Amino acid sequence: MYGGGSSGTQSKRDMAIEYQAQIPILRPSIHARRANMTVKFQDLYGFTVEGNVDDVNVLNDVREKVREQGKVWWDLECSKGPNWYLEDTHVFSSFMNGITLKRLIRKGIPPNLRPNVWFFLSGAAKKKSTVPDSYYRDLTSAVEDKITPATKQIDHDLPRTFPGHSWLDTPEGHAALRRVLVGYSFRDSDVGYCQGLNYVAALLLLVMKTEEDAFWMLAVLLENVLVNDCYTSNLSGCHVEQRVFKDLLTKKCPRIAAHLEAMDFDVSLVCTEWFLCLYSKSLPSETTMRIWDVLFYEGAKVLFNVALAVFKMNEEELLRAHHVGDVINVIQRTTHHLFDPDELLTVAFEKLGFMITTNISKQRKKQEPAVMAELDQRVRRLNSLNGDDKQ
């Protein structure tokens, strides 16, 4: 159940036929269309999705856009050859009308090319090349029967990771996910295993060509793409990201920030899952993949762009909310039905102004001392309570 790659020797016609066959049009029954009933269908990655006929129409429109975008990539694949995107990261030929690779990626990488593009542009291929070819096989074999707190938690989380999925929720899927997570827990003992990584690794398994490639994508994600310490035991990196996001929300969406502050609403109530699971639990999978397209090329700042966009898209409704539960309901209702990635990413990259990576890095450094002080205070308080219990 791993994504396939494309052959550079195929004709444009053959590739177009192959590509279109992999993106089926969803066709609700006439009865469902007339009654506007809730219908169930499978998305491109095997997840069962519930939505009304309007949602299906949106998904079909999105899939048509994916086909059109795929033609651009296929033409480049044919004219420039495989891995053309590694040759130049600036402006291409007149055929591209001045579109940069960044803009092309923001419009979406075709699902069939996604494994290869991610693997090379993220740095995973380079990371893999620094170790012997047998590294992953030797690692998983060496730790297969070892038992640690991390492996116990992984075993506990396997059946809870996307239950009902046609492949992930099978003995084969569980075994592959376990090997990736256990293997990485021994590669980086500081991280070990953190809940949330199971969902991230599961989606990587669905996209990448091989289980081993999924492992290296997880490695480059945790070691190079995301900020440090997001998944360590005290989640200090995640706490820093939440504080940075709160500052960004104040700057980019001041009305929303002021309203939420007046309600004593803590953005971590929704952002913790977003930042730990990288939206894999919150958004439809095809929308999540579009975010990850940008994440693996531009870095972790995209997580802020998307979070701000979700709030901005719901500005008027959020301003009418008067209870914490109302805010959560608005956000969750929106994220669960965000089937159109372009709607989200247009707001994220065009409606909120620029976010410069260096400025975000400065904000992170500014917030780190306060986060560490807060976490240290929590530890002291916990130790104090434990001491009282023993007396």
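Predicted model: local features only at pLDDT ≥ 70, side-chain atom pairs only at ≥ 80, totals over all residues.
Residues are numbered from 1 along each chain as its sequence is written, and side-chain values use heavy atoms, without hydrogens and water. Local features require pLDDT of at least 70 and side-chain atom pairs count only at pLDDT 80 or more, whereas totals for chains, interfaces and linings use all residues.

Rings of Phe, Tyr and Trp (its six-membered ring) were paired if their centres lie within 6.5 Å, with planes under 30 degrees apart counted as stacked, over 60 as edge-to-face and the rest as tilted. Trp-118 and Trp-292 form a tilted pair, because their ring centres are 6.0 Å apart and their planes stand at 45°. Trp-118 belongs to helix α5 (residues 114-121) and Trp-292 to helix α15 (residues 285-298), so the pair ties together parts 174 residues apart in sequence. Both Trp-118 and Trp-292 are buried (under 20% relative accessible area, 1.4 Å probe, protein chains only). Phe-119 and Phe-120 pair edge-to-face, at 6.1 Å centre to centre and 90° between the planes. One aromatic cluster comprises Phe-245, Trp-274, Phe-275, Tyr-279, Phe-304 and Phe-311.

The charged end of Arg-106 sits over the ring of Phe-349, 3.9 Å from its centre (the criterion being CZ of Arg, or NZ of Lys, within 6 Å of the ring centre and within 35 degrees of the ring normal). Arg-106 is also among the residues closest to the centre of the largest pocket, together with Lys-107, Gly-108, Arg-290 and Asp-342. A pocket is an open set of points on a 1 Å grid over the protein atoms alone where a 1.4 Å probe fits, with protein on both sides within 12 Å along at least five of seven lines; lining residues have an atom within 4 Å of a point. Helix α19 (341-350) is among the elements that each supply at least two lining residues, and its six residues are the largest share.

Terms used. Helix = DSSP H or I, 4+ residues; strand = E, 2+ residues; numbered from the N terminus. Buried < 20%, exposed > 50% of the residue type's maximum accessible area, 1.4 Å probe, protein only.
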